[in-house]
Structures are given as structure tokens and as C-alpha cells.
Amino acid sequence: MTLERLNEIPADAILGLMTAFQADPSSQKTDLTVGVYRDDQGRTPVMRAVAASEQRLLDNQVTKSYLPPLGVDGFRDGVRKMVFGPADDAHASRTAVIQTPGGCGALRVAAELYLRTGTGETVWLSEPTWPNHLGLLGAAGLALETYPYYDAVSHELQADEMLDTLSRLPPRSLIVLQASLHNPTGADPDDATWDEVIGILEERSIVPLFDIAYQGLGDGLDEDVAVIRRAVERLPEALIAFSCSKNFGLYRERTGALLAVGRDPSQRKVLESQAANVARGIYSMGPAHGPLIVAGILDDPTLEELWKEELAEMGNRIRRLRGVFADELEAERPDLDASWLASQRGMFSLLGISEQQVDRLREEQHIYTWCATAESISPDSTIPISKRSPGQWPH
Ligand SMILES: Cc1ncc(COP(=O)(O)O)c(C=O)c1O
């Protein structure tokens, strides 16, 4: 027998927590296990602009036939304009855009594109990073290494240590940079640090893979991608993995895109053909439903305005809740300075609490969360990250 040679992989700890949450009869329970936006009734709503665009799509669609290999043109153009903003005219002709199944699909295609260049086999990730980066990029065949990013005890970005490591990376390395609302720390570099990072990338011909999954939920649609705009002004090449899961609330519709910025328009054509070929070899083409909904919003000024309003409301709520959390913590424990919680951005922060404290929160307060200190995300620091087997990757 062949298939019976496979061993069962232990259940994902977070999925186990989600099951325990569902089984908890308490009316006071709080689910902090999974990174989705929730309104004040605890729902992850369908945005009104999304529902309207989807209805229009259902009323008017005449076919479910295949799409062209790169996807829906209105979606590809719309996403590129969201990322580049006023500089779109300057960079559109050198940028290949391919629709992908979510931001995860974009990360996978980006990894394979980089491997095809033959210039390296390693990707550099922030320590800590979104745990899925490890599984996704590792499964594509990249070795994983880390650069220092954040100290969960002092709640501070390790800017000097990060810059020092980056300045010693081999030329033409691939590095993942979360453009804003860093998952899981909530801490983003300031403008001056980003400028230094871009300077190092320029000097060492390092290829940035910008991961942008929360555009519009931080300081604004333009502000949240400012570093990408600055980088493409200065760098000849860049990869950008874009997700519509959070900012359009399209999670399960698997809607995203990879932008591959080349030196010039002839390079764009090469990148388009390579990206389409990578996708063809994995999943053939991404699903159409989500991209058609997004294109329907971005093509219609009234729907676009409605979507922007809803997105701003969501971003304001996240910021407000962060402030309330910090204030309440300080009111309860005047010896604590929790101001870092309010100044960070996005859905995540590392509280730096212990596993025992996480257990107590669940058992005594019905608050379900997980221990995501830097140590637990990269659990055994004695094993170099690149040598870990899939079973050792947290999800
Ligand atoms: C940092 C980061 N990158 C990418 C993604 C992509 O998600 P999706 O594949 O659902 O679009 C996420 C989603 O949680 C994320 O947090």
C-alpha cells in the first residue's frame, strides 16, 4: 500500500481552540482566535457595497466560462490603481498583475516566480511573522530565514537590529515585508526606517515581496501602502501580494492578486507569461466571483464611495477598540503603560503574556486566544527555521 505510508498531522492548535469556543455555553465568551474583522454584534458582515455589486453580478451574468489566464481586467487594473495611486501612470506599463486565490495564492505564485529566476532559494521573514508565511513559502520550496523585527517584551520594533541584518543579506535575496498593519505584532516601521530599508534593498539588489492584506484598515487607503509607493519609485523590481479578504470582507471568496513590477514594459510581458504559467501548473486560474465583485465596486463611483465609507468605519472601529483596551488596562492596572496598544495598528498585537495566563483567560473569563509570543511562533530557536519539518511549523 502507498497511501497508508502517510501519517496523520496533529490538529491545528487554533482549530482546536475554535472548536472549544463553539462548545463553550457561556454567554460572555469572546473569540480572539482567528484574524477576521467583527462588528459590535460579533459578526463578520458582508459589506453593503459588496452585496450590491454581487447582486448586480448575479442579475447580469451570462456565462461561467473560463477567464483569460491573468484574470478579470477591471479587477487587475483596479487593484493596481489602489496600490500605486497617483503614480499608477508611471508604473502600470512595467507591472504584471495576475488574479490569485487570495493573498495566499499571490504569495505562493511570488515564491515560485522567484525560484524560477535561479538567483536564490531562501526567503527572509520578520521574526515574528504571520505563521502561514512559513507553511506557504516553505511548501513552495524556499528555505526560510528570519530577520529581527520586534521585541514582544518591550513592545518595540527592533529597527537597528533589522537594518543591520538586512545590510548583510546576500545580494538578490528575497525578503517579505508587510507593508502595514503587521501581523502578528501590530508594529510598523516609521518612514525614516522604511527609507533606510529601501536604501539597503536598492544597494544590494534585494527583491522585496510586499505583503499587503489590510489596505485601508490602518491610517487610510493611501497611507497604508505608502512604503510600496516609495519603494517602486526607487527600485527596478518588486513583488506585491495583495489580498481583498479583509478590506472587501471577501475572505472565503479567495480574492487577491500578485503584482510583479519589472524594469520596463518588455519585462512586464515576461512576468505575465511566467506568472500565468506558474498558476497554470498549480490551480490553472483563480476563481472569478470575488474579482468580479471588486471590479464592480471599483468601476462604479457610487459603490466605490459606499465601500470607502464602510472601510473607514471598520478602520475607525479597530482604532477605537485599541484605545479602549489600552485605557481599560491602565485603569485596572495603573502600574502598566499600555499606550503601545493604542499606537499600534490593525487587528493584532502581541500581549507578551504567558501560556498559563492564556489558559486562565479561557478558563476564568471565557476569552479564547493563543500564546503568540515571539518564542511560541518560532518555538524551538535551537532548530534553524529552514531545517524545520512541516510538522514543526505553527499554523
Ligand atoms: C499577513 C497576511 N498576509 C496575507 C494574508 C492573506 O490572506 P488571504 O489568502 O485570505 O487573502 C493574510 C490573512 O490573514 C495576512 O494576515
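Are tyrosine 214 and phenylalanine 348 buried or exposed? Both of these residues are buried. Welcome to this structure, which is a predicted model. This briefing looks at the ligand and its surroundings, then at some aromatic rings, and ends with a glycine on a helix.

**Around the ligand**

- The shell around the ligand has 13 residues, and those that come nearest are Asp211, Tyr214, Ser243, Ser245 and Arg254.
- Sorted by class, this shell holds 6 polar, 4 nonpolar and 3 charged residues.
- Helix 5, which spans residues 102–117, gives the largest share of the shell, with 3 residues.

- Tyrosine 214 has a side-chain N or O atom 2.7 Å from an oxygen atom of the ligand.
- Serine 243 also brings a polar side-chain atom to 2.7 Å from a ligand oxygen.
- With cysteine 104 the backbone takes part: one of its N or O atoms lies 2.9 Å from an oxygen atom of the ligand.
- On its own the ligand has 390 Å² of accessible area, and the protein covers 92% of that.

**Aromatic pairs**

- A pair of aromatic rings can be described by how far apart the centres are and by the angle between the planes.
- The count of aromatic pairs in this model is 3.
- Phenylalanine 21 belongs to helix 1 (residues 13–23) and tyrosine 368 to strand 11 (residues 367–368), so their pairing ties together parts 347 residues apart in sequence.
- Phenylalanine 21 and tyrosine 368 are both buried.
- Another pair joins tyrosine 214 and phenylalanine 348, with centres 6.1 Å apart and planes at 80°, so it is edge-to-face as well.
- Tyrosine 214 sits in the loop between strand 8 (207–212) and helix 9 (226–234), while phenylalanine 348 sits in the loop between helix 13 (339–343) and helix 14 (355–365), so this pair ties together parts 134 residues apart in sequence.

**A glycine on helix 10**

- Glycine 281 is part of helix 10 (residues 265–282).
- Its relative accessible area is 68%, and residues over 50% count as exposed, so glycine 281 is exposed.
- The C-alpha atoms of glycine 281 and aspartate 359 are separated by 44 Å, and the two residues are 78 residues apart along the chain.

Note on methods
Residues are numbered from 1 along each chain as its sequence is written. This is a predicted model: local features need pLDDT of at least 70, side-chain atom pairs count only at pLDDT 80 or more; totals for chains, interfaces and linings use all residues. Side-chain values use heavy atoms; hydrogens and water are left out. A residue is near a molecule or strand if one of its heavy atoms lies within 4 Å of it. A polar contact is a pair of N or O atoms within 3.5 Å; within protein, one must be able to donate a hydrogen and the other to accept it, and residues adjacent in sequence count only if both atoms are side-chain atoms. Accessible areas come from the Shrake-Rupley method with a 1.4 Å probe; for residues, only the protein chains shown count as cover. Helices (H or I, at least four residues) and strands (E, at least two) are DSSP runs, numbered from the N terminus. Ala, Val, Leu, Ile, Met, Phe, Trp, Tyr, Cys and Pro count as nonpolar, Asp, Glu, Lys and Arg as charged, and the others, Gly among them, as polar. Rings of Phe, Tyr and Trp (its six-membered ring) pair if their centres lie within 6.5 Å; planes under 30 degrees apart count as stacked, over 60 as edge-to-face and the rest as tilted. Buried means under 20% relative accessible area, exposed over 50%, partly exposed in between (1.4 Å probe, protein chains only).
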